[in-house]
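Biologist: Before I rely on any of the labels attached to this model, I would like to go through them one at a time and hear what each rests on. Could we begin once it is in view?

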Amino acid sequence: EVDLSLTTDSRKPVILSGYAFTYHRPGTSFEWSANFSLLWKPSPTVTLSVGPTLGFEDNPIQWVTRVSDETMIATYGRRYLFGRLDQKVVAADVRLDWTFTPRLTLQAYLQPFLAVGRYEEFKELALPRTYSWNVYGENGSTIDYTDGAYFVDPDGAGPAAAFAFGNPDFNYKSLRGTVVLRWEYLPGSLLYFVWTQSRADFAHPGDFELRRDLGDLFTAPGDNIFLLKATYRWNM
């Protein structure tokens, strides 16, 4: 595993920072992720930050599901299914802090997030506490895909029963935003107005296309939550 982090002078009006890491385990998984952040202070009362994140993971032994089968004596009457996961992640954090007066402030936060995963090379654990596998589609076994499900015959003409499992591919997109207005209308007495919006979309599982997925995200139906909170301080 290798990690790298760099940051410019935090006393300046523009601050740049970056973080990256890569991880590799021979014979199993590989992943990397990078984050870049720009923080801008145009005035003593305003701060704006933007931080995109990119990530990739290739994991050949990602857990999928478990199937009961009494003929699978080696793994105690169950088939433990795994697959190779190819996952891509794109996200960002956008934050605004604005102090209008010592008694009136505004905070806003926005987080778009995309995670797309595609599975292939399905297999089952052959022996406990090992990295030995029975790969579907080899040595007499078969695997077919129809109408969103995989159909597996683990031993062809053998005694084991065929089974099916759903397509584990995913394309998860979410957009979350929060705005908080804080007003100290009297010394020690506060009024908060909060607006939170959440959007989510799951179309096109396993298929990553940045422009299309961002379009789906911003056009997805959203849930809006409004909160009003007031406090009053008495001098006793």
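Biologist: Why does Arg212 count as buried?

Modeller: The relative accessibility of Arg212 is 19%, and buried means under 20% relative accessible area, while exposed means over 50% and partly exposed is in between, with a 1.4 Å probe and protein chains only; Arg212 therefore counts as buried. Please keep in mind that this is a predicted model, in which local features need pLDDT of at least 70 and side-chain atom pairs count only at pLDDT 80 or more, whereas totals for chains, interfaces and linings use all residues. Residues are numbered from 1 along each chain as its sequence is written, and side-chain values use heavy atoms, with hydrogens and water left out.

Biologist: What makes the contact of Arg212 with Asp207 a salt bridge?

Modeller: A salt bridge needs a side-chain nitrogen of Lys or Arg within 4 Å of a carboxyl oxygen of Asp or Glu, and the closest N and O atoms of Arg212 and Asp207 are 2.9 Å apart. Arg212 also forms a salt bridge with Asp213, where the closest N and O atoms are 3.1 Å apart. Through shared partners, salt bridges join Asp207, Glu209, Arg212 and Asp213 into one network.

Biologist: Where does Asp213 lie, and why is Asp213 called buried?

Modeller: Asp213 is placed in helix H1, residues 210–219; helices (H or I) are DSSP runs of at least four residues and strands (E) of at least two, numbered from the N terminus. The relative accessible area of Asp213 is 0%, so the residue is buried. Not counting residues up to four places away in sequence, Asp213 touches Leu114, Val116, Asn171, Lys173, His204, Asp207 and Phe208, a contact being heavy atoms within 4.5 Å. Asp207, with a relative accessible area of 38%, is partly exposed.

Biologist: How many salt bridges does the structure hold, and why does the pair of Asp58 and Arg84 tie together separate parts of the sequence?

Modeller: There are 10 salt bridges, one of which joins Asp58 and Arg84 with their closest N and O atoms 2.8 Å apart. Asp58 belongs to strand E4 and Arg84 to strand E5, so this pair ties together parts that are 26 residues apart in sequence. Asp58 is partly exposed because its relative accessible area is 23%, and Arg84 is partly exposed because its value is 21%.

Biologist: Why is the pair of Phe122 and Tyr150 called tilted?

Modeller: Rings of Phe, Tyr and Trp (its six-membered ring) pair if their centres lie within 6.5 Å, and planes under 30 degrees apart count as stacked, over 60 as edge-to-face and the rest as tilted. By this rule there are 17 aromatic pairs. In the pair of Phe122 and Tyr150 the centres are 4.6 Å apart and the planes stand at 55 degrees, so the pair is tilted. The pair links distant parts of the chain, with Phe122 in strand E6 (residues 104–125) and Tyr150 in strand E9 (residues 149–153), 28 residues apart. Phe122 is buried at 5% relative accessible area, as is Tyr150 at 13%. Tyr150 also forms a tilted pair with Tyr145, at 4.7 Å centre to centre and 50 degrees between the planes.

Biologist: How do you know that the charged end of Lys123 sits over the ring of Trp133?

Modeller: The rule asks for NZ of Lys or CZ of Arg within 6 Å of the ring centre and within 35 degrees of the ring normal, and the charged end of Lys123 is assigned to the ring of Trp133 at 5.8 Å from its centre. Trp133 itself forms one aromatic cluster with Trp63, Tyr80 and Phe82.

Biologist: What makes the backbone of Glu121 and of Arg129 worth a remark?

Modeller: Most residues other than glycine have a negative phi. Glu121, in strand E6, has a positive phi of about 50 degrees although it is not a glycine. Arg129, in the loop between E6 and strand E7 (133–135), likewise has a positive phi, of about 60 degrees. Glu121 counts as partly exposed because its relative accessibility is 44%, whereas Arg129, at 88%, counts as exposed.

Biologist: Why is Thr75 called buried, and which residues does Thr75 touch?

Modeller: Thr75 lies in the loop between strand E4 (46–68) and E5, and its relative accessible area is 2%, so Thr75 is buried. Leaving out residues up to four places away in sequence, Thr75 touches Tyr80, Leu125, Ala126, Leu127 and Pro128. Ala74, in the loop between E4 and E5, counts as partly exposed because its relative accessibility is 34%.
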